[in-house]
Amino acid sequence: MDPIAILQQHSASQTLTSLHLSPDGANLHIPSTSTNLNAASKLSLTLSNGKTVSYSLASVYLQIVDPARGLMQYRKVCESHAVSDPVKVLDKSGIIDYFMGKKEEEEDDGMHISDDDESENEKDGVVTEKEGGEVVEPKEEGEEEGEEVEHPVKKPSSKEDHRPSKKDRKDRDRDHRRRSKEHRH
């Protein structure tokens, strides 16, 4: 039995929670077939970014059984099951995508854009980037095609407000040296 295929099958059917990892992290039990897999066996996976990673079956299972689990909770669960190779933070999304796929995210957000939708959005000024990287800003009320509208200038942050320019600092230092020289005489 291929552990990767088993995880993919249970991910697709959303039955990962029916699998059970032994408290010592040694076996992954599949109740439907009464099979125990060696949870320490290494899985070699090539992620969508082309990177090949190797993690134990236990580590991968604990990551994908609850993909929304935070880093600290995941590490604690790995520790409680004696898993010594938790999935690295940089590999987490790749591992989840490998088993769960991106289909769920795309279906849930309803943000499918077809060519027809894109051209309609361009007319409304909603699209901010066309093919080729040209930026199209949304039209403001009263703005006509080709008409220039003055946009407010971004106010500098508080650090920029209080820090004098290099020229101002040089002038201040020169004045300070002059005053202290005059004071000494």
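What covers the buried residues of helix H1 includes S2, S3, S4, H2 and H4. Contact here means heavy atoms within 4.5 Å. Buried means under 20% relative accessible area, exposed means over 50%, and partly exposed is in between, with a 1.4 Å probe and protein chains only. The H and S labels are DSSP runs numbered from the N terminus: helices are H or I with at least four residues, strands are E with at least two.

Before going on, the ground rules. This is a predicted model, in which local features need pLDDT of at least 70 and side-chain atom pairs count only at pLDDT 80 or more, while totals for chains, interfaces and linings use all residues. Residues are numbered from 1 along each chain as its sequence is written, and side-chain values use heavy atoms, with hydrogens and water left out.

Back to H1. Its buried residues are Pro-3, Ile-4, Ile-6, Leu-7, His-10 and Ser-11. They cover an arc of only 165° around the axis, so they sit on the same side of H1; the arc is that of the directions from the helix axis to the C-beta atoms. The face turned away from that buried side carries Gln-9 and Ala-12, which are exposed.

Leaving aside neighbours within four places in sequence, Leu-7 is in contact with Leu-16, Leu-19, Leu-28, Leu-43, Leu-57, Val-60, Tyr-61, Ile-64 and Phe-99.

That brings us to the core. A nonpolar core is a set of buried Ala, Val, Leu, Ile, Met, Phe, Trp, Tyr and Cys residues joined through side-chain atoms within 4.5 Å. The largest one has 27 residues, and Leu-7 is among those with the most contacts inside it, along with Leu-28, Leu-45, Val-60, Tyr-61, Ile-95 and Phe-99. At least two residues of this core come from each of H1 (3-12), S2, S4 (42-46), S5 (52-56), H2, H3 (71-80) and H4 (89-100). Which element gives the largest share of this core? H2 does, with six residues.

H2 deserves a look of its own. Eight of the nine residues in H2, which spans residues 57-65, are buried, so the helix is largely enclosed by the rest of the structure. The buried ones are Leu-57, Ala-58, Ser-59, Val-60, Tyr-61, Leu-62, Gln-63 and Ile-64.

Now the strands. Two strands pair if DSSP finds at least two bridges between them. Three strands form an open sheet in the order S1-S2-S3, and the pairing is antiparallel. S1 (20-21) and S3 (35-38) are the edge strands, each pairing on one side only. S2, residues 27-30, pairs with S3 over four bridges, and His-29 has Asn-36 in S3 as its bridge partner.

S4 and S5 run antiparallel, joined by five bridges. They form a hairpin with five residues between them, and Gly-50 in the turn has a positive phi of about 90°. The bridge partner of Thr-46 is Thr-52 in S5. S4 has two faces: Leu-43 and Leu-45 are on the covered one, while Lys-42, Ser-44 and Thr-46 are on the uncovered one.

Gly-50 is a glycine, but there are positive phi values elsewhere too. Most residues other than glycine have a negative phi. Gln-14, in the loop between H1 and S1, has a positive phi of about 55°. Ala-82, in the loop between H3 and H4, has a positive phi of about 60°. Gln-14 counts as exposed because its relative accessibility is 62%, and Ala-82 is exposed as well, at 58%.

Last, salt bridges. A salt bridge is a side-chain nitrogen of Lys or Arg within 4 Å of a carboxyl oxygen of Asp or Glu. By this rule there are eight. One of them joins Lys-42 and Asp-85, at 2.9 Å from N to O. Lys-42 lies in S4 and Asp-85 in the loop between H3 and H4, so the pair ties together parts that are 43 residues apart in sequence. Is each end buried or exposed? Lys-42 is exposed at 52%, and Asp-85 is buried at 13%.

Another salt bridge joins Asp-91 and Lys-51, at 2.8 Å from N to O. Asp-91 is in H4 and Lys-51 is in the loop between S4 and S5, 40 residues apart. Asp-91 is buried at 3% relative accessibility, whereas Lys-51 is partly exposed at 37%.
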